[in-house]
Amino acid sequence: MNKNIIYGNTKVETYENIKPLGDLILIEYETPKLETQSGIITKIKSEILDRPTQGRVIAIGPEVQDIEVGDTVVFEAIRGQDLDSNHMFLGYKTILGILKN
């Protein structure tokens, strides 16, 4: 992730340079896809179903407990503030669990 990012009027080198405030968590995720048995990928029509439900923690706010940078977490699909097509801010209470490898 070495691209320059412009969010609003702010330019940052990477999302790792953003420090979330309070109980916010910065997540990197992949856009969900639906694949048929024959391998055809179809677009999900529902805005809610199209939202991701898991991602990798990029940065955490000072009030976040039990979650570390690099963790893969599962979260509520209808929550979060998108920054672009692969990054969002989430509140700590919207995290449902941590995936263990």
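Here are some notes on the predicted model above, point by point.

1. Ground rules. This is a predicted model, where local features need pLDDT of at least 70, side-chain atom pairs count only at pLDDT 80 or more, and totals for chains, interfaces and linings use all residues. Residues are numbered from 1 along each chain as its sequence is written, and side-chain values use heavy atoms, with hydrogens and water left out.

2. Confidence. The mean pLDDT (the predictor's confidence in each residue, from 0 to 100) is 79, with 71% of the residues at 70 or more. Strand 10 has the highest mean of the elements, 95, while strand 1 (residues 5-7) has the lowest, 52. Where pLDDT is low, the predicted coordinates should not be read in detail.

3. Overall make-up. You get zero helices and 10 strands; helices (H or I, at least four residues) and strands (E, at least two) are DSSP runs, numbered from the N terminus. Of the contacts (heavy atoms within 4.5 Å) with a separation of 6 or more, 57% are between residues 24 or more positions apart. The accessible surface (Shrake-Rupley, 1.4 Å probe; for residues, only the protein chains shown count as cover) is about 7000 Å², and carbon and sulfur atoms hold 50% of that.

4. Six strands form an open sheet in the order 8-9-3-6-7-10, with antiparallel pairing; two strands pair if DSSP finds at least two bridges between them. Strand 8 (81-82) and strand 10 (95-99) are at the edges with a single partner strand each, so one side of each has no neighbour in the sheet.

5. Strand 7 and its partners. Strand 7 (residues 72-75) is joined to strand 10 by four bridges, and to strand 6 by three, again antiparallel. V74 has G97 as its bridge partner in strand 10, and Q54 stands opposite V74 too. For F75, the bridge partner in strand 10 is I95. Buried here means under 20% relative accessible area, exposed over 50%, and partly exposed in between (1.4 Å probe, protein chains only).

6. The cores. A nonpolar core is a set of buried Ala, Val, Leu, Ile, Met, Phe, Trp, Tyr and Cys residues joined through side-chain atoms within 4.5 Å. The largest has 12 residues, including I25, I27, V57, V73, F75, M88 and I95. Strand 3 (24-28), strand 6 (54-60), strand 7 and strand 9 (87-91) each supply at least two residues of this core. Apart from it lies another core, of six residues, with Y15, L26, A59 and L83 among them. Setting aside neighbours within four places in sequence, F75 has contacts that include I27, P52, M88, L90, T94 and I95.

7. T94 sits in the loop between strand 9 and strand 10, and T94 is buried, with a relative accessible area of 12%. A polar atom of the T94 side chain lies 2.6 Å from the backbone oxygen of G91. Beyond neighbours within four places in sequence, T94 is in contact with V74, F75, E76 and R79.

Conventions: Polar contact = N/O pair within 3.5 Å; in protein donor to acceptor, adjacent residues only side chain to side chain.
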